[in-house]
Amino acid sequence: MPPKQRKLKTLDRVISKAGIGSRTEARSWIGAGRVAVNGKKIQTPDHWVDIERDRVTLDGRPLIARSKIYLLLYKPKGYLTTYKDPENRKTVYDLLQDLGEWVVPVGRLDLDTTGLLIMTNDTDFADHVMSPESKVPKTYLVKASMLLTDEQLDRLRRGVELADGPTRPAIVTRIRDAARYTFFEITITEGRNRQVRRMVEALGAKVLKLVRTHIGAIRIGDLEIGKYRELTPKELSALLSKR
Ligand code: URA
């Protein structure tokens with residue numbers, strides 16, 4: 001049974017939280033015998049570590065608490081939100097300079113979705129923003145493949161039934177109808193896989209374009225597509241204030 005105390009974490013997690021590599025990398029370093037706890041080689045990734053007391057080393061060097069980085073990236077279409085792709089497609093990591101830190105995306109955006117993506121080495125923060133319990137709102141601009149009626153938009157507002165259960169109520173605003181398409185904005189507080197696309201599909205339409213325009217109070221503003229900047233202290237504290 002995992003201990004309940006918050007300061008106890010598994011060894012692989014302690015290493016990935018130190019910002020030097022992913023959890024998968026940590027597990028392989030542990031397996032390779034490169035990691036010691038209090039001077040004793042440990043080869044089990046699930047070994048419990050008391051982060052306040054135990055001394056963890058990698059190749060004999062102590063893990064150093066890294067400074068936290070919070071980046072806001074304007075993800076373009078055609079980039080995966082993963083580190084490596086077996087098919088060698090472009091990933092969001094191709095857009096980052098060498099940061100000297102291991103950052104992870106806070107949630108995922110589909111290959112064809114553009115818009116805001118936070119990347120950070122603060123995994124507690126990432127867990128908080130992604131967790132459905134935190135209810136951090138995320139807003140998307142959607143181009144639907146057909147004209148949607150008020151009744152259809154109301155269904156999105158009330159919540160639609162998806163294969164993994166009903167969606168929470170959403171805030172939906174019609175932006176405009178142009179030719180055969182409805183453009184609307186939707187704000188959801190969950191982050192299920194392909195959620196917006198699946199919600200629109202539940203109405204019998206398809207999403208032709210999807211842009212994440214806001215995460216909480218954070219907006220794209222004048223950030224250029226494919227570029228990133230650091231979150232401001234004000235933006236960060238607004239996201240953390242819900243913790
Ligand atoms: N909802 C989706 O369907 N796709 C995304 O990329 C984000 C939210």
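Is Phe125 buried or exposed? I looked this up first. Phe125 is buried, with a relative accessible area of 0%. I note here that the model is predicted.

**Entry: aromatic pairs**

I took Tyr70 and Phe125 to begin with. Their ring centres are 5.0 Å apart and their planes stand at 75°, so I logged the pair as edge-to-face. The cut-off for that label is over 60 degrees. Then I checked where the two residues sit. Tyr70 is in strand S7 (residues 70-75) and Phe125 is in helix H3 (residues 123-130), so the pair ties together parts that are 55 residues apart in sequence. Tyr70 has 12% relative accessibility and counts as buried.

Next I looked at Tyr83 and Trp102. This aromatic pair is edge-to-face too, with 4.8 Å from centre to centre and 80° between the planes. Tyr83 and Trp102 both lie in the loop between S7 and strand S8 (104-105), 19 residues apart. I compared their surroundings. Tyr83 is partly exposed at 39% relative accessible area, whereas Trp102 counts as buried at 16%. I also found that Tyr83, Tyr93 and Trp102 form one aromatic cluster.

**Entry: charges over rings**

I looked for charged side chains over ring faces. Lys143 lies over the face of Tyr181, 4.4 Å from the ring centre. Arg176 lies over the face of Phe183, at 4.3 Å from the ring centre.

**Entry: two arginines**

Which side chain of opposite charge is nearest to Arg212? I found Asp110, 9.6 Å away. Arg212 is buried yet has no salt bridge. I placed Arg212 in strand S15 (residues 207-215). Its side chain does make a polar contact with the side chain of Tyr140, at 3.1 Å. I then listed contacts of Arg212, leaving aside neighbours within four places in sequence; among them are Val106, Leu109, Leu116, Lys138 and Ile220.

I turned to Arg108. This residue is in the loop between S8 and strand S9 (114-120). Arg108 is exposed, with a relative accessible area of 63%. Not counting residues up to four places away in sequence, Arg108 touches Thr81 and Thr82. I also checked Arg108 against Ser237. They are 129 residues apart in sequence and 22 Å apart in space, C-alpha to C-alpha.

**Entry: salt bridges**

How many salt bridges does a search of the whole structure find? I got 17. I went through some of them.

Arg157 and Asp154 meet through their side chains at 2.7 Å, N to O. They are three residues apart in helix H4 (residues 150-158), which means about one helical turn separates them. Arg157 is partly exposed at 29% relative accessible area, and Asp154 is partly exposed at 30%.

Arg198 and Asp164 also form a salt bridge, at 3.0 Å, N to O. This pair links distant parts of the chain, 34 residues apart. Arg198 is in helix H5 (residues 195-201), and Asp164 is in the loop between strand S11 (161-162) and strand S12 (165-166). Arg198 is buried at 18%, but Asp164 is partly exposed at 43%.

I noted one more bridge, between Glu201 and Arg194, with the closest N and O atoms 3.4 Å apart. Glu201 is partly exposed at 33% relative accessibility, and Arg194 is partly exposed at 34%.

Salt bridges link Asp12, Arg23, Arg27 and Asp46.

Definitions and conventions. Residues numbered from 1 in each chain as written. Predicted model: local features only at pLDDT ≥ 70, side-chain atom pairs only at ≥ 80, totals over all residues. Heavy atoms only, no water. Phe/Tyr/Trp six-rings, centres within 6.5 Å; stacked < 30°, edge-to-face > 60°. Helix = DSSP H or I, 4+ residues; strand = E, 2+ residues; numbered from the N terminus. Buried < 20%, exposed > 50% of the residue type's maximum accessible area, 1.4 Å probe, protein only. Lys NZ or Arg CZ within 6 Å of the ring centre and 35° of its normal. Lys, Arg positive; Asp, Glu negative; His and termini not counted. Salt bridge = Lys/Arg side-chain N within 4 Å of Asp/Glu carboxyl O. Polar contact = N/O pair within 3.5 Å; in protein donor to acceptor, adjacent residues only side chain to side chain. Contact = heavy atoms within 4.5 Å.
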